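Here is a short report on how parts of one model pack against each other.

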Amino acid sequence: MRDWNLQGRNRDERLARAAGLADGKRVATADARALLEAVLEPGDRVCLEGNNQKQADFLARTLASVDPARVNGLHMVQSVLALPEHLDVFERGIAAKLDFSFSGPQGARLARMVADGRIAIGAIHTYLELFGRYFVDLTPRVSLVAAQAADAAGNLYTGPNTEDTPVIVEATAFKRGIVIAQVNELVDSVPRVDIPGGWVDFVIQSPTPHYIEPLFTRDPAQISEIQVLMAMMAIKGIYAEYGVQRLNHGIGFDTAAIELLLPTYAESLGLKGKICRHWALNPHPALIPAIEAGFVESVHSFGSELGMEAYIRARPDVFFTGADGSMRSNRAMCQAAGHYACDLFIGSTLQIDLAGNSSTATLGRIAGFGGAPNMGADARGRRHASPAWLKAGREAREGGGQMPRGQKLVVQMVETFREHMQPAFVERLDAWELAESAGMELPPVMIYGDDVTHILTEEGIANLLLCRTAEEREQAIRGVAGYTPVGRGRDRRMVENLRDRGVIRRAEDLGIDKRMATRDLLAARSVKDLVRASGGLYDPPKRFRNW
Amino acid sequence: METLTYEYRGGRPVNSPPPSVLVGVVGSGNLEVLVEPAPLGGLCRVEVQTAAVGFGATWQAVLDDVFARHPLADVRISINDVGATPAVVGLRLDQALDAFAGGTQP
Amino acid sequence: MSSYYEDSARGRLDGLLDPGSLIEILPPTERMVSPHLRQLDTPAAFDDGIVVGEGRLDGRRVLVAAQEGGFMGGAVGEVHGAKLTGLMERALDTRPDGVLLLVESGGVRLHEANAGLIAVSEVMRAVLAVRAAGIPVIVLDGGTFGCFGGMGIVARLCDAVVMSEEGRLGLSGPEVIETTMGVEEFDSRDRALVWRTVGGKHRYLLGEAATLVEDDVAAFRAAALALLEQTPDLSLAALDAEHAALGSRLERFGDCRDALDIWEKLGVEEPEKLPILDTAGFLATVRDRRA
């Protein structure tokens with residue numbers, strides 16, 4: 001007779017080994033390492049919760065300190081590698097294989113360790129893709145997560161930074177895995193239940209509150225007049241043109257400039273109520289003036305942002321909040337929302353090639369992908385219509401006699417040169433060389449050219465939907481690439497022809513007076529202006545203050 | 001540091017120009033542009049001191065377009081640059097030359 | 001409202017002085033650039049980062065100097081310093097109604113080494129000579145780069161300092177303190193700490209800034225005008241009183257570890273709320289609470 005419950009029995013064995021360490025579900029802080037050594041087995045698939053913002057930092061330190069003779073060969077499956085400990089576990093031989101999405105600050109060290117053969121990378125995923133695999137072939141055996149508080153029954157309260165926790169715990173708990181949570185505090189009753197106690201096996205109080213990175217705060221003081229000009233073009237040339245109501249913004253000063261121009265420039269164009277009403281977006285402080293001006297009806301978030309807690313609590317009509325008043329974020333849900341329910345994604349990148357493929361990969365760094373690929377890809381499974389989606393689809397198919405369907409607007413917004421005169425437009429992405437040197441099967445492309453609908457630079461907007469041939473597409477891109485070698489290599493006659501057809505539109509073609517593009521147009525020019533716009537509710541991290 | 005000089009012909013002199021116009025600041029990613037009337041026999045001369053070495057062709061392309069927008073004669077344009085991007089260079093030159101031709105300091 | 005903090009040196013003078021009244025001395029067209037920077041393969045500025053000249057402030061004749069923080073953090077080199085010293089000497093000759101120094105500087109320009117050090121010490125002596133001649137010298141401090149090092153000393157040698165809360169005034173800058181004393185002593189990236197230690201509000205509470213204004217060029221203009229109306233007291237008795245005040249300040253606050261402790265000792269209720277108050281609210285809250 002085949003045993004159909006091997007996983008359940010194995011789980012019972014693990015729990016039995018840990019029984020002496022737990023009082024109910026609570027394990028003493030000092031016993032954290034002993035707990036991990038008791039429940040982990042060599043070769044386990046482990047999810048160590050690393051998010052964009054919230055980090056299970058105490059459990060990361062603890063895992064990096066276990067005895068490699070007892071715990072080794074782990075297969076780490078986590079969305080973000082943010083902390084040094086996330087790589088220390090490989091250096092110490094505790095872990096051997098890695099499947100992940102984004103490695104931002106650890107990208108350079110990761111590349112070195114891969115080159116040295118210390119880490120075997122399974123694949124680099126987009127978020128939804130990795131979360132999907134949690135339920136298919138990368139289900140964690142043990143998950144180490146972080147929450148704000150737990151009660152005696154193991155009910156978890158994550159606070160505003162719910163982020164990845166629900167998807168991780170769901171995949172682990174319902175496949176007979178083990179869920180261990182570090183919490184900032186043990187309480188009698190949690191303000192709300194974000195994760196039911198029945199899905200959680202152990203809770204440990206962390207010696208210090210979990211680390212949260214303020215990743216989405218951009219100081220308006222650093223926005224340049226060129227970025228203001230580009231934001232004006234985005235609003236007038238794309239948002240107004242398509243009537244974009246539902247959207248996601250990438251992270252950066254370019255998009256922060258758009259957010260800060262809504263209550264001023266967009267308002268002056270009479271666009272309130274006509275654009276930017278619904279957002280899949282983290283609570284960007286730069287969005288405060290637009291919210292206060294009545295532009296924004298709803299915002300659902302992947303994660304929270306440090307300092308925005310009281311403001312969010314005071315604007316429950318806009319944000320998704322629990323009965324306790326604090327925000328509930330959810331990366332998996334918001335990624336799905338951004339992919340299927342938004343009409344537009346706009347974000348920056350480091351390099352764009354002649355086909356419109358864009359990449360943030362640089363040599364010597366394996367950075368992985370953030371949220372951009374899921375946001376910045378046409379949702380082939382979308383069926384509901386909206387004016388913006390239909391217009392984009394019409395433009396792409398005009399005259400082709402094809403089955404009508406819509407298309408997502410995917411906008412890449414870059415200055416033609418980055419700092420130190422690095423051109424943003426290149427003949428060949430660095431991603432190719434990185435793929436060769438790191439032994440990847442594919443060049444790491446953030447957004448594929450066939451998903452990009454518009455490229456916006458200080459030189460104008462290239463509408464790739466209207467290009468009918470690969471050559472037109474290339475010249476449209478060259479036509480907004482300014483004085484980069486790619487831009488100087490344009491066919492001037494063809495570019496002027498594309499401009500006549502409206503494929504390329506310069507600021508003057510859009511009726512934008514470049515002399516208006518000054519910082520005076522920003523609804524907030526400093527973090528302090530944002531605090532004042534929030535009525536004192538926004539409490540920025542101290543590194544962003546100048547008071 | 002690199003010194004670059006460019007000369008343009010075929011422009012028109014400005015009637016009663018201001019004694020000079022200065023725009024911008026010599027800071028990282030920025031530049032200062034000084035525009036003065038000068039008896040150059042109809043030439044427009046641009047002298048660039050730049051911290052970013054090896055971008056002569058880029059300067060040429062940017063300045064060609066600037067001259068096409070502002071065809072001026074008997075003008076001396078002096079630039080101190082700290083690696084400004086072409087976008088910033090074009091913006092500052094437009095600001096400076098608009099002010100010079102319009103006779104107002106921005 | 002036009003932000004003083006964000007404006008350039010020339011923009012600030014434009015907004016500060018009566019329109020069209022500035023007559024610049026050694027303007028950019030003179031190309032009086034630093035002789036040192038070229039040798040170091042470093043970009044120079046046509047005005048060496050400082051505008052000096054004569055203008056009118058509501059009709060009053062004033063000499064002005066404005067440092068450009070965007071150029072080398074407003075650092076004082078040989079030419080830059082000589083322009084300042086020359087302006088002071090001119091004040092002795094032409095006896096204006098006052099001298100306004102729009103400071104924004106990290107101090108001596110290290111590239112120019114001794115030439116910069118000597119230049120700053122010459123500025124100090126020149127300021128004292130102008131004051132001794134009965135001509136008020138007023139400092140305006142609200143720029144992005146603050147006022148530190150030798151220029152911090154210069155500022156305190158003048159008759160009065162006008163600051164915005166964004167302005168900073170000190171001797172060693174935050175990064176210098178962190179480098180020499182360690183991050184435990186002073187974390188220069190903790191911007192809230194930096195501003196409550198060297199920012200305008202604290203300088204005003206300690207009495208080092210005579211006036212605190214909003215970050216607005218027009219507010220600086222109004223404050224400078226008001227200070228020009230006052231006659232500085234340069235008597236020995238006033239000097240003795242100032243020394244006594246400094247002595248008692250050290251006694252009262254010498255054991256404080258943070259500006260918050262000082263504000264509490266000054267009798268400010270809820271001192272932690274001071275940083276976020278706007279200027280009007282702050283001035284109302286701290287009325288009669290200054291050291």
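Helix 1 of chain A passes helix 2 of chain A in a right-handed crossing. A crossing is left-handed if the near helix is turned anticlockwise from the far one by less than a right angle, and right-handed if clockwise. Helices (H or I, at least four residues) and strands (E, at least two) are DSSP runs, numbered from the N terminus. This is a predicted model, where local features need pLDDT of at least 70, side-chain atom pairs count only at pLDDT 80 or more, and totals for chains, interfaces and linings use all residues. Residues are numbered from 1 along each chain as its sequence is written, while chains are lettered from A and ligands numbered from 1 in the order in which they are written.

| Helix pair | Axis distance | Crossing angle |
|---|---|---|
| Helix 1 (residues 6–18) and helix 2 (residues 32–39) of chain A | within 8 Å | roughly 150° |
| Helix 3 (residues 78–94) and helix 4 (residues 113–132) of chain C | 8 Å | about 15° |

Axes are lines fitted to C-alpha atoms, for helices over the stretch in contact, and angles run from 0 to 180 degrees between N-to-C directions.

In the chain A pair, A:Arg14, A:Arg17 and A:Ala18 of helix 1 meet A:Leu35, A:Ala38 and A:Val39 of helix 2. Contact means C-beta atoms, placed from the backbone, within 7 Å. The residues of this contact divide into four nonpolar, no polar and two charged. Ala, Val, Leu, Ile, Met, Phe, Trp, Tyr, Cys and Pro count as nonpolar, Asp, Glu, Lys and Arg as charged, and the others, Gly among them, as polar.

In chain C, the crossing of helix 3 and helix 4 is left-handed. C:Leu84 and C:Met88 are among the residues helix 3 of chain C brings to the contact, and C:Val123 and C:Val127 are among those from helix 4 of chain C. By class, this contact has 13 nonpolar, four polar and three charged residues.

Chain A is assigned domain 1 (12–205) and domain 2 (220–527). Their C-alpha centres lie 34 Å apart. In the contact, 30 residues of domain 1 of chain A meet 30 residues of domain 2 of chain A. Helix 5 of chain A gives the largest share of the domain 1 side, five residues.

Between chains, twelve residues from chain B and twelve residues from chain A make the contact. Helix 2 of chain B gives the most to the chain B side, with four residues. That side has eight nonpolar, four polar and no charged residues.

Key:
Two residues are in contact if their C-beta atoms, placed from the backbone, lie within 7 Å. Domain bounds come from an automatic or database domain assignment.
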